[in-house]
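Student: I would like to learn how to read helix packing. Can we work through an example together?

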Amino acid sequence: MTTNAPTSAPTPARPAVPRPRETAARKASVFLSTHPRARLALLLSAPLFWLGIVYIVALVLLLVTAFWTVDSFTGEISQEWTLDNIITVLTGSLYQTVTLRTLGVALLVTLIDVVLALPIAFFMAKVASPRMQRILVIAVLTPLWASYLVKAYAWRSVLSQDGILEWLVTPFGGQTPGYGLPATIITLAYLWLPYVVLPIYAGLERVPDSLLEASGDLGGKTWPTLRLIVFPLVLPAIIAGTIFSFSLSLGDYITVNIVGGASQMLGNLVYTNVGAANNLPLASAIALIPIVIIFGYLFLVRRTGALDNL
């Protein structure tokens, strides 16, 4: 007896998938998917164009304006090329004094911020628990959410003759520094401290804990370990933090107006010549001083790896 094997039903034919049309968008998509460098260039073109227009072109125009003059009769800018503004800024005793004062304030603010930021960042990165780390990072970032003017005027209130600092130190024979350069340094150090803490904290996080444990196992004391192992590894991050505090202090003028009393910095001279004096070419020449100082500082630290930590 023979049995017939069951025959399977024929499978229905699948409908043909229509071929996509060769549109310009599809051709561009295929080209970008196979050319990663072209895709990267296209992605960066818009921000680089904006950076070039807003930053580089603005600096070039600032440099050009410094070589113009202001007509003493009409008050209008004369586009005749001259070195008078540059010579005035370089040789004038007022500008030399204010430049040295601004540089000194910026260096002191940077030094204070580094001294305060190192223990804070080390505790955040190497001592605190993960949950406490998140809390401390939020605590460091919180002042950045407040208005610049609110923080500056808060310090004006604290440092005033009848402020809370005067109330705290009077029983111990102290007194508030009042308004002036000390108040400017204190306020600027407070304003820029988060910008110094965060790069150092990020740098310390990259230091392996195994190095510290190995140093302890080999009998290394705390200070030699910090000086010989931790400090060289975190030095680029420290310099990155100083770039923020140093550059921001050089260009600041609002804090000096609020708590500086009669003191002036380069930013105040620029503001005065742009506004009241209506001398934009001279203001541009003065503004070149902090720009040159910053570029010189960046040139000195470029090989330390600090720019990679920004």
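**Reading helix geometry**

Tutor: Start with helix 8: its 25 residues, at 1.5 Å a residue, should span 36 Å, and its end C-alpha atoms are 35 Å apart, which agrees. The expected span is 1.5 Å times one less than the number of residues. Helices here are DSSP runs (H or I, at least four residues), numbered from the N terminus. This is a predicted model: local features need pLDDT of at least 70, side-chain atom pairs count only at pLDDT 80 or more, and totals for chains, interfaces and linings use all residues. Residues are numbered from 1 along each chain as its sequence is written, and side-chain values use heavy atoms, without hydrogens and water.

Student: Where does helix 8 bend?

Tutor: A bend at a residue is the angle between axes fitted to the seven residues ending there and the seven starting there. Helix 8 bends by about 45° at Trp192, and Pro194 follows within four residues.

Student: How do I describe two packed helices?

Tutor: Use the angle between their axes and the distance between the axes. Axes are lines fitted to C-alpha atoms, for helices over the stretch in contact, and angles run from 0 to 180 degrees between N-to-C directions. Helix 6 (residues 148-159) and helix 8 (residues 181-205) have axes that come within 10 Å and cross at roughly 140°. The two are therefore oblique to each other. Under 35 degrees counts as roughly parallel, over 145 as roughly antiparallel, 65 to 115 as roughly perpendicular, and the rest as oblique.

Student: Which residues of helix 6 and helix 8 make the contact?

Tutor: Contact means heavy atoms within 4.5 Å. Helix 6 gives Tyr148, Lys151, Ala152, Trp155 and Leu159; helix 8 gives Ala183, Ile186, Thr187, Tyr190, Leu191 and Trp192.

Student: Where do the axes of helix 3 and helix 13 cross, and at what angle?

Tutor: They come within 9 Å, between residues 84-91 and residues 280-301, and cross at roughly 50°.
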